[in-house]
Amino acid sequence: MSQADTSTIQTLSTEASQLRQELLLRDQLVQQLSQELFRLVKGNTNFMPQRSETEADLSQLQALREQLQAVEEQVTFYQEQITTRDAEIYQLRQTVQELSDRSRMLEQVVQELPQIYRRKFEERMSPVREKVATLQRENRQLQAELQSVSYRLALKTRTTSHSGIDLPNFSRPVSDQPNISTPQNA
């Protein structure tokens, strides 16, 4: 979660809290006003308007009705804003949870990658190692056969009369590496 998302969530949460406080304050004021009006009306029978209400009373009553309507509209507006902000906060929390889950999954995958690569490398190297071992065995076998043939040929050359044909002399390689030596002419 980025710092911008965190600050946005905190800002929205603060605004929602302030709106709730304002709404509670307005609800308390409306409650107090209605209680005061009820007390005045109930306790004062003279408060009941006379049939011949003055125009000033009617305009005051109309102004109070307009104020009450305005307060009700403000309360409705703030309630809608609180509902909208709550939905946004819920959505942001869901997004944060999804991103946190994804981040944990990616961290786990990153931690497992070296093991996966080693295993795949070993799987690919196994046939190569087997092929190298087979080639080395074949090479040793061919060198042994070559030495045997060269030894038999040398013996045959010594025992038979020299017919004037020079055969190549196959010498054994100096190093222990399984290489095929090149023939050298005598």
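Reader: How exposed is Glu36, going by its relative accessibility?

Author: Glu36 counts as partly exposed because its relative accessibility is 34%; the label covers whatever falls between buried (under 20% relative accessible area) and exposed (over 50%), with a 1.4 Å probe and protein chains only. Keep in mind that this is a predicted model, where local features need pLDDT of at least 70 and side-chain atom pairs count only at pLDDT 80 or more, while totals for chains, interfaces and linings use all residues. Residues are numbered from 1 along each chain as its sequence is written, and side-chain values use heavy atoms, with hydrogens and water left out.

Reader: Which residue forms a salt bridge with Glu36?

Author: A salt bridge here is a side-chain nitrogen of Lys or Arg within 4 Å of a carboxyl oxygen of Asp or Glu. For Glu36 the partner is Arg39, and their closest N and O atoms are 2.2 Å apart. Arg39 is partly exposed too, with a relative accessible area of 49%.

Reader: Where do Arg39 and Glu36 lie?

Author: An α-helix has 3.6 residues a turn, so residues three or four places apart point the same way. Here, both Arg39 and Glu36 sit in helix H1, 3 residues apart, which is about one turn of the helix. Helices (H or I, at least four residues) and strands (E, at least two) are DSSP runs, numbered from the N terminus.

Reader: How many helices and strands does the protein chain have?

Author: The protein chain has 2 helices and 0 strands. H2 has 105 residues and spans 153 Å from its first C-alpha to its last, close to the 156 Å expected at 1.5 Å a residue (the expected span is 1.5 Å times one less than the number of residues).

Reader: Where does H2 bend?

Author: A bend at a residue is the angle between axes fitted to the seven residues ending there and the seven starting there. H2 bends by about 40° at Glu112, with a proline, Pro114, following within four residues.

Reader: How many salt bridges does the count come to?

Author: The count comes to 5. One of them pairs Glu15 with Arg85, whose closest N and O atoms are 2.2 Å apart. Glu15 belongs to helix H1 and Arg85 to helix H2, so this pair ties together parts that are 70 residues apart in sequence. Another salt bridge joins Arg129 to Glu122, with 3.0 Å between the closest N and O atoms. Arg129 is partly exposed at 43%, and Glu122 is partly exposed at 42%.

Reader: Back to the other pair: is Arg85 buried or exposed?

Author: Arg85 is buried, with a relative accessible area of 19%, whereas Glu15 is partly exposed at 29%. Setting aside neighbours within four places in sequence, Arg85 is in contact (heavy atoms within 4.5 Å) with Leu12, Glu15 and Ala16. Other buried residues in H2 include Ile89, Val96, Asn139 and Ser150.

Reader: Which residues make up the largest nonpolar core?

Author: A nonpolar core is a set of buried Ala, Val, Leu, Ile, Met, Phe, Trp, Tyr and Cys residues joined through side-chain atoms within 4.5 Å. The largest one has 5 residues: Leu19, Leu23, Val75, Tyr78 and Ile82. Tyr78 touches Leu19, Glu22 and Arg26, leaving out residues up to four places away in sequence.

Reader: What percentage of the protein chain's residues count as buried?

Author: Of its 186 residues, 7% count as buried. As for contacts between residues at least 6 apart in sequence, 66% join residues at least 24 apart.
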